[in-house]
Amino acid sequence: MKSWIPFRSFVIAGSWLAVLSGVVSTNAQVNVTQFHNHASRDGLYVDSAFTPSAAANLTRDLNFDGTIEGVVYAQPLYIENGPCGRAMVIAVTLSNNVYALDALDGTIIWQRNVGPPVPLGDLDCGPKFDLMGIIGTPIVDLASRALFLDAMTTPDGGTTKQHLIISLNVDTGNVNPGWPVDVEATASYNGINFTAEIQQQRPALGMVSNILYVGYGSMRDHCEYHGWLVGVPIDNPASVTAWATDAIGGAIWGVGGVASDGKNPFVTTGNTRNPPTWGGGEAVIRFQPGPIFIGSPSDYWAPTNWQSLDQSDSDLGASGPLLVDVPGATPSHLIVAMGKDRKVYLVNRDNLGGITQPVASAQLGNSPILQAAVTYRTNQGTFVAFHAEGSNLSAFRITAANPPAMITEWTVIQNGRGSPFVTSTDGANNMIVWIVGADAGGDQRLHGFDGETGAVVYSGGGPNELMEGTHRFNAGIAARGRIYIANDNKVYAFALPGGTPTPTPTCSPTPTPSITPTPSITPTPSITPTPTITPTPTPRATPTPRPRPTPPRRPTAPR
């Protein structure tokens, strides 16, 4: 029997599925096609199997293989109805490896290497990564069955560095015609040219009305980088539109990346290099489709102390924009912004206001806020949960007032650097905030807390639930009674007792592409179509054994 939730008037595009009957099936939205599940970046997963009692007995599926190769900073994705009806988990690595794993047993359906990653030693402005490859979370367009990602790669062993925006067929891993897009060869703005070698692509990719948006930030602050937003129509990849900050700096780097209300993309930006006038940094920015920014105060907000934030490297854009609607509040359409200054800001999404005071602000973090936040609503009100760097997980409620205010509801000590995500049985009840005790100081375990009270729901499990290779910013996903988390060299699957089963294949397994990495993809500046790469088939039933790679040196993650 299906459970249903009423359709509500406070829809943010992509956050709820509207149907003419006025109700939504909790099983209707299963595919996880982007970071935090929706364009609003709410991080909410509705699955009737995630009751608190079931969640308390979550266990890792030891029969799930999940073996991949490379360091992982991106969230995995989940796609149903793949080859032979098999559900897939998509994972990407700094080694430029892209994997489609069987969501039931974790074996490889297909694998694609999209070009040699760039070694750290070949980057003058390089970050503290051993390799630069795929960092930001990709996005899937189900209508065209296409997976989009950005990969930093070198076609000649390190001399030339490229950022390639690539489209792969989600069912085969083949490169789609007309792709990849060489960003350096196609992106410029007001006389500023994109320089691949000094730009890093950390934020999650977004899509609005068939335009793919990719944000870029810095390798290191001393380089002459800009914050960039690049737009690529998915049906015409040769037509590239780009925007860059006027000032040096202003990185778009928050892991949540590009958010959307279904009409316009939104980003947040970081510190600039102390310009005398505002040049695009320390801001929430709304773009017209393209991206096009006309500079109207209604389309951006920056705090009045943006210069002091620049000077102290206190990036407003450390977390990325979170779109929230609060019924009864004035204004009710909000953006939640937060960053290194430990403050949380509420901004009017309909009229951002330029350089001015926000709707509300409060210092709610006990340390800098870098991870992506989540939002959910219960009969107690509208909540936002966030994880301060390396320490507390907190939730505050936005009041339905004029103007709205923020009230802290609970705080728990949760060491680590993971980004939270949320499950609910019906979109309004049984909210569980999940987080991984990731990276330095974390316990490498998954934890779950009651969304209204902060009470422990799942305390991390036993010896089998310990994970390896977790990183800051990493977030899990929920689908069909399971939680999937992508870490270095492995995707982990956690299963609920009696959860909704993952669909099983509907036909015999078909030959899959070889797991041997394919040659690098080298586009021309004119973006001529890349020939389809035909893989050498190997029977899935008897995959070639390969030695488990030695996990790379654990990096720390700069902007």
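How many of the six residues of strand β7 (residues 97-102) are buried?

1. **Ground rules.** This is a predicted model, in which local features need pLDDT of at least 70, side-chain atom pairs count only at pLDDT 80 or more, and totals for chains, interfaces and linings use all residues. Residues are numbered from 1 along each chain as its sequence is written, and side-chain values use heavy atoms, with hydrogens and water left out.

2. **Strand β7.** To answer the opening question: six of the six residues of β7 are buried, so this strand is largely enclosed by the rest of the structure. Buried means under 20% relative accessible area, exposed means over 50%, and partly exposed lies in between (1.4 Å probe, protein chains only). Strands (E, at least two residues) and helices (H or I, at least four) are DSSP runs, numbered from the N terminus. On one side of β7 sit Asn97, Tyr99 and Leu101, on the other Val98, Ala100 and Asp102, and all are buried.

3. **The partners of β7.** Two strands pair if DSSP finds at least two bridges between them. Strand β6 (residues 88-92) runs antiparallel to β7, joined by five bridges, and Val89 has Leu101 as its bridge partner.

4. **Two hairpins.** The hairpin of β6 and β7 has four residues between the strands, and Asn96 in the turn has a positive phi of about 65°. Between β7 and β8 there are five residues, and Gly106 takes a positive phi near 75° in that hairpin.

5. **The disulfide.** One disulfide turns up in a search of the whole structure; the term stands for a pair of cysteine sulfur atoms within 2.5 Å. Cys125 is joined to Cys223, with an S to S distance of 1.7 Å. Cys125 lies in the loop between β9 (118-119) and β10 (131-132), and Cys223 in the loop between β19 (211-218) and β20 (228-233), so the pair ties together parts that are 98 residues apart in sequence. The torsion about the S-S bond is about -120°, so the disulfide is left-handed. Cys125 is buried at 12% relative accessible area, and Cys223 is buried at 3%.

6. Strands of a sheet pair through backbone hydrogen bonds, either parallel or antiparallel. In the order β22-β23-β24-β25-β29, five strands form an open sheet with mixed pairing. Its edge strands, β22 (259-260) and β29 (354-355), each pair on one side only.

7. **An antiparallel sheet.** Four strands form another open sheet, ordered β26-β27-β28-β30, with antiparallel pairing. At its edges are β26 (322-325) and β30 (360-363), each pairing on one side only. Four bridges link β26 to strand β27 (residues 333-338), and Val324 has Leu334 as its bridge partner.

8. **Confidence.** The protein has a mean pLDDT of 87, and 84% of its residues reach 70 or more; pLDDT is the predictor's confidence in each residue, from 0 to 100. Please read two stretches with this in mind: pLDDT stays under 50 over residues 1-28, and below 50 over residues 509-559.

Methods
Contact = heavy atoms within 4.5 Å.
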